[in-house]
Amino acid sequence: MTCGVIGRFDYTSAFQSAVDQVRDEGRYRVFADLKRVRGQFPKAVRRREDGSEQDCVIWCSNDYLGMGQHPEVLEAMSAELDAVGAGAGGTRNISGTTRSAVDLEAELASWHQKEAALLFTSGYVANEATLTTLQSILPGLIIFSDSLNHASMIAGIRNGGCERHVFLHNDLAHLETLLAAAPADAPKLVAFESVYSMDGDIADLAGTIALARKYGALTYLDEVHAVGLYGATGAGVAERDGVLDGIDIVECTLGKAIGVMGGYIAADAVIVDAVRSWASGFIFTTSLPPALTAGALASVRHLKTHPELRDAHQERAETLKRRFAEAGIPVMPSESHIVPVFVGNPVHAKMISDMLLEDHGIYVQPINYPTVPKGTERLRFTPSPNHDDGMMDRLVTAMDALWTHCNVARMPVAA
């Protein structure tokens, strides 16, 4: 049965109107049909609507280090699949606690210098489930949230229904004003990220921790865009800055630098045990397949002992920022591995993205509202250690030509 008009309500028109609104605003998303080529990341094959194929280079993947293609990861996943089969068989409470998941949680806890870790099916679920659950465990909890926190954090905070305050992005003075005004005896939590993935800026972890301690608040840090990429062993910005012990709960993903899928938290054992026992997003969903947890375990162990990957990654990002600036391409300030290029118009952003893909085999997705505020639309580049100089030359040449063709504003060319 199609929805159509049922009773007195036209369901089809309502859904079509919602889609039309997105189209009219120039932010309708069209997914690229891509098939990655094993062992050749960031190369992929795109299937067009007419069924023809096109070779392309992916410039916007969150598989930041190409670990989703690493031989050790693939071998671990293949061996686990051969040994135990495909699915986990149920929730963690009902036969779904597999050996590789237990080993992975122990490895993750050690990585972040915490007593325990807990796996979730995604980073989004880890944030939403944990932040919602904390409000059930801590009656009267007040949460202080950075204004640019990820949608999953916002959802978790809202779903719990507790008192919440949003502080200006990375503004510690505003955060302290809000903390100082809260009741001294109320439980409090400061929720923030280390690397903010759209602008590429990094929070002041030490300063935030100091304020949390001063006002008796827990710290909840999202390291999704930092884990694997920063610190001596890749445990994130908290490790890089020497403040791992100041973070009460760290939340991360297995789907970006680690290259697989899933999410997790790490904290004191009693915190993890409480979340494990109360979080609906953990209790009532099938656990990750063992092949995924085995692959993630292999990836984490490799990343911990190969800092040269992180060095190469940072070099590629800094080189691309410099190359764009030299060409007058308006690269936005970024102190991380994220390379955002300002466009400021959703139609122009999509047009440039489409032309890069169709005419040059360069895939970078436009970023627009609601991911970023209207008027700040951009292209977001994430160069990996596998993006060589030849790929970068072709990208910068194509961007230079398209910026002229599309008459998009440039920045002053670097001397």
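**Figure 1. The largest cavity of the predicted model has a volume of about 110 Å³.** A cavity is a set of points on a 1 Å grid over the protein atoms alone where a 1.4 Å probe fits but cannot get out, and lining residues have an atom within 4 Å of a point. Volume is the space filled by probe spheres set on the points, which are joined across faces, edges and corners. The lining comprises 13 residues, and those closest to the cavity centre are Arg92, Leu119, Phe120, Ser287 and Leu288. Five lining residues are nonpolar, seven polar and one charged (nonpolar: Ala, Val, Leu, Ile, Met, Phe, Trp, Tyr, Cys and Pro; charged: Asp, Glu, Lys and Arg; polar: the others, Gly among them). The model is predicted, and totals for linings use all residues, whereas local features need pLDDT of at least 70 and side-chain atom pairs pLDDT 80 or more. Residues are numbered from 1 along each chain, and side-chain values use heavy atoms, without hydrogens and water.

**Figure 2. The second largest cavity holds about 40 Å³ of space.** Its lining consists of Asp146, Phe167, Asn170, Leu172, Phe192, Tyr196, Ala203, Asp204 and Thr208. Five of these are nonpolar, two polar and two charged. The model has three cavities of 30 Å³ or more.

**Figure 3. Helix α3 (residues 99-111) packs with helix α11 (residues 290-304).** Helices are DSSP runs (H or I, at least four residues), numbered from the N terminus. The angle is about 30° and the axes are 9 Å apart, with axes fitted to C-alpha atoms over the stretch in contact and angles running from 0 to 180 degrees between N-to-C directions. The two helices are therefore roughly parallel (angles under 35 degrees).

Terms used
Angles under 35 degrees count as roughly parallel, over 145 as roughly antiparallel, 65 to 115 as roughly perpendicular and the rest as oblique. On a 1 Å grid over the protein atoms alone, a cavity is a set of points where a 1.4 Å probe fits but cannot get out, and a pocket is an open set with protein on both sides within 12 Å along at least five of seven lines; lining residues have an atom within 4 Å of a point.
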